[in-house]
Every structure is written in C-alpha cells, then in structure tokens.
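These are notes for a colleague who is opening this entry for the first time. Please read them with the model on screen.

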Amino acid sequence: DLNLPYIDGEAVISTFLEKNIINQIPIIICSARDEAELKRISEKIKAKAYLRKPIDFNQLFNLIDKFVK
C-alpha cells in the first residue's frame, strides 16, 4: 500500500530497492490513488503490477501466482 500512516509507501519501496533488499521480489502496488498516478509510480519503482482499491482478491491472487512461478 502506498498510503502508510507514518511514511510514504513509495519511499519505502524506493529505499529497499536502492539497498538491494527486495530486488528479486515482485512488487504489486495496492492503492486507492488514481490510475494515472499508480501507473507513474509503478513505472518509477519497477512494480510488476498495480491494483486499485477496493481490491479484487481473485485478481490479486492471480497476479501473485503469475509472478511467483
């Protein structure tokens, strides 16, 4: 989620990527932000996918299956 209570989720992911902490983990963004902003952020942090809230859990599970295999 990008809207964390004490820090911006985008900043968290960017920091982890810079420190090579999660480079091999596919990122799926879940957020209530608008489509254009999600697309921009996804490209910036190299997320594999993004979903707008409310989340369709079947779609989320399908994405997880796709990226974990």
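1. Contacts along the sequence. The model is a predicted one. Among contacts in the chain between residues at least 6 apart in sequence, those joining residues at least 24 apart make up 33%.

2. Layout. The chain contains 3 helices and 2 strands. Read from the N terminus, these elements follow the order α-β-α-β-α. The chain has a radius of gyration of 12 Å, close to the 11 Å given by the globule rule for 69 residues, so it is as compact as a globular protein of that length. Its C-alpha trace spans about 30 × 30 × 20 Å along the principal axes.

3. Burial and surface. Of the 69 residues in the chain, 30% are buried. The chain exposes about 5,000 Å², and 55% of this is supplied by carbon and sulfur atoms.

4. Charge. There are 11 positive and 10 negative side chains in the chain. The centres of these two sets are 4 Å apart.

5. The aromatic pair. The structure has 1 aromatic pair. Phe 57 and Phe 61 form the pair, with ring centres 6.2 Å apart and planes at 35°, so it counts as tilted. The class follows from the angle, because planes under 30 degrees apart would count as stacked and those over 60 as edge-to-face. Phe 57 and Phe 61 both belong to helix 3 (residues 57-68) and are 4 residues apart, about one turn of the helix.

6. Is Phe 57 buried or exposed? Its relative accessibility is 51%, so Phe 57 counts as exposed. Phe 61 has 46% relative accessibility and therefore counts as partly exposed. The cut-off that matters here is 50%, because exposed means over that value.

7. Backbone points to check. Most residues other than glycine have a negative phi, and most peptide bonds are trans. Two places in the chain deserve a look on that account. Lys 46 is not a glycine, yet it has a positive phi of about 60°. Lys 46 sits in the loop between helix 2 (35-45) and strand 2, and with 68% relative accessibility it counts as exposed. The other place is the peptide bond from Lys 53 to Pro 54, which is cis, with omega near 0°. Pro 54 lies in the loop between strand 2 (49-52) and helix 3.

Technical notes:
Residues numbered from 1 in each chain as written. Predicted model: local features only at pLDDT ≥ 70, side-chain atom pairs only at ≥ 80, totals over all residues. Heavy atoms only, no water. Phe/Tyr/Trp six-rings, centres within 6.5 Å; stacked < 30°, edge-to-face > 60°. Buried < 20%, exposed > 50% of the residue type's maximum accessible area, 1.4 Å probe, protein only. Rg over C-alpha atoms; globule rule 2.2 N^0.38 Å. Contact = heavy atoms within 4.5 Å. Areas by Shrake-Rupley, 256 points an atom, 1.4 Å probe, with all protein chains shown as cover. Lys, Arg positive; Asp, Glu negative; His and termini not counted. Charge placed at Lys NZ, Arg CZ, Asp CG, Glu CD.
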